[in-house]
Amino acid sequence: MATVLVTGGAGYIGSHTCVALIEAGYEVAVLDSLANSSAAAIDAAGEIAGHRPRLYIADCRDESALEKVMADVRPDAVLHFAGLKSVPDSVADPLRYYRHNLDSAAVLLAVMERSGVRRIVFSSSATVYGEPDDLPVAETASTRPANPYGWTKLLIEQMIADVVRADPRWSAALLRYFNPVGAHPSGLIGEDPEGIPGNLMPYLLQVAVGRRSHLPLYGTDYPTSDGTTLRDYIHVMDLADGHLAALKHLDSAVGQAHVFNLGTGRGASVLEVIAAMREATGHRLPYEALDRRPGDVPELWADPARARQELGWSASRSLAEMCRDAWSWQSTHPQGYRSQT
Ligand code: NAD
Ligand code: WQD
């Protein structure tokens, strides 16, 4: 049985991936500072999968702590989710983002190297593409991040690619996620943002559950069919399955660092998401049309062909399932992991 270390495994995408990994037979250990998550997510992931992952509460930038965890777990591979992910925060405090995300990756890679662990799956983002020239966006498209957060993702991709180039015993999968949404269908784990949600789906869920009065809808004058932006929303369990496929791929890709888009290949508009959420929740979900949000691109969706061909993976869950599963989490946990249910 292979053992994996999941950094950031208590977070939104990490916790769902832990469930998929345990169910696929991996021995899973999580390293998380709990800076943006709760240990309750690990308990719940364990409840779903029938086996609770070991949780090490530590920061990736703490080299001696990481050394101890690596020696204790002795993983065959690392999935690196840990990092800061708010676009506006990264614009307001770029150095915090560069230091946090780049230091975390650099320390992790150094400790992996010293421990002889040379397989890594990294959480990158479609944000590295910025405003694309063509749609759908393939991995070969130009990269031009429009904010410091996106730059940290691209620089870490480069860091990992350089490490692999220097020592061909390494192998890496650099996964560019599009817009992850939804939750495990059990409703036991889900997205639990701190403060006012910055993203569309968690905001809508908080309107549905009565925590907020209405959605601020940023931009109704885009050159799209209904005037709102189009994005490639992907069910978080499809994304979790993509990580399993990427992990398996590492064995046959020694000496390489491959980039993969993880998206559905389809765009949905904000108004289509609102309509699907209304259907799933039975709530009216009022919105107020406002000006565009600075930095938003009109349309972005993936060409997922490479992942299909090389990983044998493709997303299968519909927008209706994304909304249904997200609602099953939010309606039973109106205050997220702080809820008493
Ligand atoms: P999240 O904030 O829910 O999870 C990140 C986890 O990492 C949290 O549990 C946090 O406590 C932990 N963490 C942060 N810094 C750490 C550090 N230095 N050491 C140890 N733990 C640390 O975020 P998420 O949505 O699950 O995203 C996971 C990864 O995927 C991130 O790297 C993010 O940039 C990337 N990503 C997310 C999205 C998205 O829309 N959610 C899209 C593309 C890429
Ligand atoms: C989608 C659409 C908003 C909130 C972000 C990051 C990206 C990646 C995924 C990490 C946009 C509109 C939103 C609201 C709204 N994360 N919207 N009212 O911007 O495509 O991507 O998350 O890597 O880096 O930038 O997703 O969900 O924020 O927005 O009208 O309250 O919904 O303007 O058009 P985005 P999003």
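How do the residues of the shell around ligand 2 divide into nonpolar, polar and charged? They divide into ten nonpolar, six polar and three charged. Here Ala, Val, Leu, Ile, Met, Phe, Trp, Tyr, Cys and Pro count as nonpolar, Asp, Glu, Lys and Arg as charged, and the others, Gly among them, as polar.

This is a predicted model, in which local features need pLDDT of at least 70, side-chain atom pairs count only at pLDDT 80 or more, and totals for chains, interfaces and linings use all residues. Residues are numbered from 1 along each chain as its sequence is written, chains are lettered from A and ligands numbered from 1 in the order in which they are written, and side-chain values use heavy atoms, with hydrogens and water left out.

**Ligand 2**

- The shell holds 19 residues, and Tyr149, Pro216, Thr229, Arg231 and Asp296 come nearest. A residue is near a molecule if one of its heavy atoms lies within 4 Å of it.
- Asp296 places a polar side-chain atom 2.5 Å from an oxygen atom of ligand 2.
- The side chain of Arg293 has an N or O atom 2.9 Å from an oxygen atom of the ligand. For the side chain of Asn179, that distance is 3.0 Å.
- On its own, ligand 2 has 680 Å² of accessible area, and the protein covers 88% of this. Accessible areas come from the Shrake-Rupley method with a 1.4 Å probe; for residues, only the protein chains shown count as cover.
- Two elements give two or more residues to this shell: α7 (200-208) and β8 (215-218). The largest share, four residues, comes from β8.
- Helices (H or I, at least four residues) and strands (E, at least two) are DSSP runs, numbered from the N terminus.

**Ligand 1**

- Ligand 1 is surrounded by 28 residues, with Ile13, Asp32, Asn36, Ser37 and Tyr149 the closest.
- Asp32 has a polar side-chain atom 2.6 Å from an oxygen atom of ligand 1. An N or O atom in the side chain of Asn36 lies 2.7 Å from a ligand oxygen.
- The backbone takes part too: an N or O atom of Cys60 is 2.9 Å from a nitrogen atom of the ligand.
- The protein buries 95% of the 830 Å² that ligand 1 exposes when taken alone.
- α1 (12-23), α5 (94-115), β5 (119-125) and α6 (148-166) each supply at least two shell residues. β5 gives the largest share, three residues.
- This shell has twelve nonpolar, eleven polar and five charged residues.

- α9 covers residues 270-281. Its buried residues (under 20% relative accessible area, 1.4 Å probe, protein chains only) are Val270, Val273, Ile274, Ala276, Met277 and Thr281.
- They line one face of the helix, because they fall within an arc of 165° seen down its axis. The arc is that of the directions from the helix axis to the C-beta atoms.
- His235 sits in strand β10 (residues 233-235). With 0% relative accessibility, His235 counts as buried.
- Its side chain makes a polar contact with the side chain of Asp325 at 2.8 Å. Such a contact is a pair of N or O atoms within 3.5 Å; within protein, one must be able to donate a hydrogen and the other to accept it, and residues adjacent in sequence count only if both atoms are side-chain atoms.

**Backbone geometry**

- Most residues other than glycine have a negative phi, and most peptide bonds are trans.
- Leu135 and Pro136 are joined by a cis peptide bond, with omega about -5°. Pro136 is in the loop between β5 and α6.
- Leu285 has a positive phi of about 55°. Leu285 is buried, at 2% relative accessible area.

Terms used: Expected span 1.5 Å × (residues − 1). Buried < 20%, exposed > 50% of the residue type's maximum accessible area, 1.4 Å probe, protein only.
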